[in-house]
Amino acid sequence: MPEGGLTRALVVRALLYFALWIVVDQSAKPANLVVGLLASAAATWASLKLLPPASGRVRLGLLLLLLPRFLWQSLVAGTDVAHRAFAPRLRLQPGFVDYPVGLPRGAARNAFEMIASLLPGSLPSGETKDTITFHCLDTRQPVVEQLAAEERAYARALQPGPRDG
């Protein structure tokens, strides 16, 4: 990762952790701000060690525009799971499906996996360089097609590239 990318990640994360501190603490007392700065620095250091910046970025503005789709998918998934739970006969064929993902490993791919986990009966359970393995409640469903539609819908918001926060 270029030095500029590491610096950007450090600044963005530090500011976000400090903003979180301000929200939680809700005080502008100098002593509390000093503690917040120290806590933010420690959290930033830990986050850079545990989750180093990688290729890809999440474009938050575009992702927020997709919030209605996200909420709708959550509602559909919840309804589907409730229907299956209360059905007198569960017609399931659990198993694993490999999805050939177009996003490289990194923040964008991780965000896609989180979003895709909302599809009814699917959960990311492993990955390789080119595929994500999903555990599915019913492999007879068009899981790969649904995942491809989700990836297309979120492609502009989840961009592979050199930046990451």
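## Salt bridges around Glu-127

In this predicted model, the side chains of Glu-127 and Arg-105 form a salt bridge with an N to O distance of 3.1 Å; the term denotes a side-chain nitrogen of Lys or Arg within 4 Å of a carboxyl oxygen of Asp or Glu. Glu-127 belongs to strand β3 (residues 122-127) and Arg-105 to the loop between β2 and α5, so the pair ties together parts that are 22 residues apart in sequence. Helices (H or I, at least four residues) and strands (E, at least two) are DSSP runs, numbered from the N terminus. Glu-127 is partly exposed, with a relative accessible area of 32%, and Arg-105 is likewise partly exposed, at 43%. Here buried means under 20% relative accessible area, exposed means over 50%, and partly exposed lies in between (1.4 Å probe, protein chains only).

Glu-127 also forms a salt bridge with Arg-109, the closest N and O atoms being 3.9 Å apart. Arg-109 is in helix α5, so its pairing with Glu-127 in strand β3 ties together parts that are 18 residues apart in sequence. Arg-109 counts as buried, at 0% relative accessibility. Through shared partners, salt bridges join Arg-105, Arg-109 and Glu-127 into one network. The whole structure holds four salt bridges, among them one between Asp-138 and Arg-140 (2.9 Å, N to O). Asp-138 is buried, at 6% relative accessibility.

## Basis of the values

Residues are numbered from 1 along each chain as its sequence is written, and side-chain values use heavy atoms, with hydrogens and water left out. As the model is predicted, local features need pLDDT of at least 70 and side-chain atom pairs count only at pLDDT 80 or more, while totals for chains, interfaces and linings use all residues.

The structure holds one aromatic pair. The ring centres of Tyr-99 and Phe-112 are 6.0 Å apart and the planes stand at 35 degrees, so the pair is tilted. Rings of Phe, Tyr and Trp (its six-membered ring) pair if their centres lie within 6.5 Å; planes under 30 degrees apart are stacked, over 60 edge-to-face, and the rest tilted. The pair links distant parts of the chain, with Tyr-99 in strand β2 (residues 95-100) and Phe-112 in helix α5 (residues 107-116), 13 residues apart.

Both Tyr-99 and Phe-112 are buried. Eight of the ten residues of α5 are buried, so this helix is largely enclosed by the rest of the structure. Among the buried residues of α5 are Arg-109, Phe-112 and Glu-113.

## The largest nonpolar core

A nonpolar core is a set of buried Ala, Val, Leu, Ile, Met, Phe, Trp, Tyr and Cys residues joined through side-chain atoms within 4.5 Å. The largest has 21 residues, of which Tyr-99, Val-101, Leu-103, Phe-112, Phe-134, Leu-147 and Leu-158 touch the most other members. Two or more residues come from each of β2, α5, β4 (131-136) and α6 (143-154). The largest share, five residues, comes from α5.

Leaving aside neighbours within four places in sequence, Phe-112 has contacts that include Ile-132, Glu-150 and Glu-151, a contact being heavy atoms within 4.5 Å.

## Helix α1

Leu-10 lies in helix α1 and is partly exposed, at 41% relative accessibility. Apart from neighbours within four places in sequence, Leu-10 is in contact with Thr-44 and Leu-48. The C-alpha atoms of Leu-10 and Leu-48 are separated by 7.5 Å, although these residues are 38 residues apart along the chain.
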